[in-house]
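Open your viewer and get ready to select residues by number.

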Amino acid sequence: MKTVSACDLTPYNSYRIPAQCETAYFPDTIEDVLTLATQTLRDRPYVLLGSGHNVILARTQYRTPFVIFNGHMDWIRVRNTQIETGAGAFTKNLCEVAAAHHLSGLEVFYDIPSSMGGAVVMNAGGHGEEMAERIARITYLDVPAAAIRECDAAGAEMTYRNSRFQNQSTCIVLAVELTLTPGDPAAIREKMERIKAERWAKQPREFPNAGSVFKRPDGRFVGPMIDELKLKGLQVAGFRVSPKHGGFIERTGPGTGRDLLTLIQTIQERVYNAYAIELEIEQRVIDVA
Ligand SMILES: Cc1cc2nc3c(=O)[nH]c(=O)nc-3n(C[C@H](O)[C@H](O)[C@H](O)COP(=O)(O)OP(=O)(O)OC[C@H]3O[C@@H](n4cnc5c(N)ncnc54)[C@H](O)[C@@H]3O)c2cc1C
């Protein structure tokens, strides 16, 4: 297991917010995670990161250690129509493997940048599909009990962009088993590429961002409200509401997580004043010391 002191977190958050933590651990195996959670970091707070595509680093310095899965614990095993992956496997790689085995069901995830642990915790999804629908089994570490347990999507309480694993201090996702269906390889590839092209046409991929900032409120869409309020282009330091997609904030220059949170709060206030709707942040704010 790699351990890095004074770890630069810039490459591990998709906003590319510059930040540093005193120590970062990159576990390679389930045993590494067990050792970290029950011995090295026992009774200490720590931050878990998958591939960092849905986080806001609110601080520039963290004394709290980070445990980073990004590209580690990334095994992918195919057995008939089941695929088992480690928590650190990237969704893109998983989709490539599924397509190579003529397995359908993951096409919408091809362009959702994520680790598999993050995809479960956030119940990632799009185009009317979500990760919960593909899950056969989640293997996780119940930290207080120091026990490795299993559950299905219902047991993980996976709802819209949510799961009980968002209470990150008590559970760490270790591995995921998915159930897919046999499909036509050309159709699988066509769906992956078509959805990717649609998304790239609408989303500001040329600037660092972390996807939709807010959860969709009941019965409304965030983008049109931001459009109506003429908030596109609104800027705090190097962060601005994307002129291309009002639900995204993109980083166009220097700025800290605090600047980003100021911009988010301004949007929330403007939306509340106009529509009496409280926008909930989808992205996970990391604000421990
Ligand atoms: C351009 C772009 C487009 C996007 N489009 C979509 C979209 O269409 N749909 C969608 O749902 N999302 C989208 N997102 C957001 C993001 O891709 C998803 O939320 C993704 O699932 C985050 O996974 P991650 O591994 O990066 O998680 P991270 O950002 O690293 O972490 C997210 C949360 O999960 C926790 N966590 C991570 N790994 C574990 C683990 N193993 N065990 C316990 N907790 C863990 C973290 O502590 C954190 O609280 C987009 C992001 C970008 C940048």
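**Stop 1**

Select Val-241 and then Ile-249, its bridge partner in β18. Helices (H or I, at least four residues) and strands (E, at least two) are DSSP runs, numbered from the N terminus. The model is predicted, so local features need pLDDT of at least 70 and side-chain atom pairs count only at pLDDT 80 or more, while totals for chains, interfaces and linings use all residues. Residues are numbered from 1 along each chain as its sequence is written.

Now select strand β17, residues 239-241, together with β18. They pair in the antiparallel sense over three bridges. Two strands count as paired if DSSP finds at least two bridges between them. Strands of a sheet pair through backbone hydrogen bonds, either parallel or antiparallel.

The open sheet then has three strands in the order β16-β17-β18, with antiparallel pairing. β16 (235-236) and β18 (249-251) stand at the edges, each with a single partner strand, so one side of each has no neighbour in the sheet.

Next, show residues 257-275. This is helix α6, which packs on the sheet and touches β16, β17 and β18. Its direction makes about 25° with that of β17. Two residues are in contact if their C-beta atoms, placed from the backbone, lie within 7 Å. Axes are lines fitted to C-alpha atoms, for helices over the stretch in contact, and angles run from 0 to 180 degrees between N-to-C directions.

**Stop 2: a sheet of five strands**

In what order do the five strands of the other open sheet stand? The order is β7-β8-β14-β12-β13, and the pairing is antiparallel. β7 (76-79) and β13 (147-151) are at the edges, each with a single partner strand, so one side of each is left without a neighbour in the sheet. Neighbouring strands here are turned by 20° against each other on average, direction ignored.

Zoom in on β7 and strand β8, residues 82-86. Four bridges join them in the antiparallel sense. Pick Arg-77: Glu-84 in β8 stands opposite.

Now select residues 30-40. This is helix α1, and it packs on the sheet, touching β12 (135-142) and β14. The direction of α1 makes about 155° with that of β14.

**Stop 3: the core**

Colour the nonpolar residues. The largest nonpolar core has 84 residues. Phe-66, Val-120, Ile-172 and Val-173 have the most contacts inside it. Such a core is a set of buried Ala, Val, Leu, Ile, Met, Phe, Trp, Tyr and Cys residues joined through C-beta atoms within 7 Å. A residue is buried if 20 or more other C-beta atoms lie within 10 Å of its own, exposed if 12 or fewer, and partly exposed in between; C-beta atoms are placed from the backbone. β14 gives the most to this core, with seven residues.

Centre on Val-120. Leaving out residues up to four places away in sequence, the residues it touches include Met-131, Ile-138, Phe-165 and Val-173.

Then go to Ala-24, in strand β2, residues 20-26. Ala-24 is buried, with 23 other C-beta atoms within 10 Å. Beyond four places in sequence, Ala-24 touches Val-4, Cys-7, Pro-65, Phe-66 and Ile-68.

**Stop 4: around the ligand**

Which come nearest? They are Gly-50, His-53, Gly-117, Gly-118 and Gly-211. A residue is near a molecule if its C-beta atom, placed from the backbone, lies within 6 Å of it. The elements giving two or more residues to this shell are β3 (47-49), α3 (116-121), β10 (125-126) and β14 (171-179). The largest share, four residues, comes from α3.

Colour the shell by class. It has 15 nonpolar, 17 polar and two charged residues. Ala, Val, Leu, Ile, Met, Phe, Trp, Tyr, Cys and Pro count as nonpolar, Asp, Glu, Lys and Arg as charged, and the others, Gly among them, as polar.

Stay on Gly-118, in helix α3. Is Gly-118 buried or exposed? Gly-118 is buried, with 29 other C-beta atoms within 10 Å. Not counting residues up to four places away in sequence, Gly-118 touches Gly-50, Ser-51, His-53 and Asn-54.

**Last stop: two positive phi angles**

Select Asn-123, in the loop between α3 and β10. Asn-123 has a positive phi of about 45° although it is not a glycine. Finish at Met-73, in the loop between β6 (66-68) and β7. Met-73 is not a glycine either, yet its phi is positive, at about 50°.
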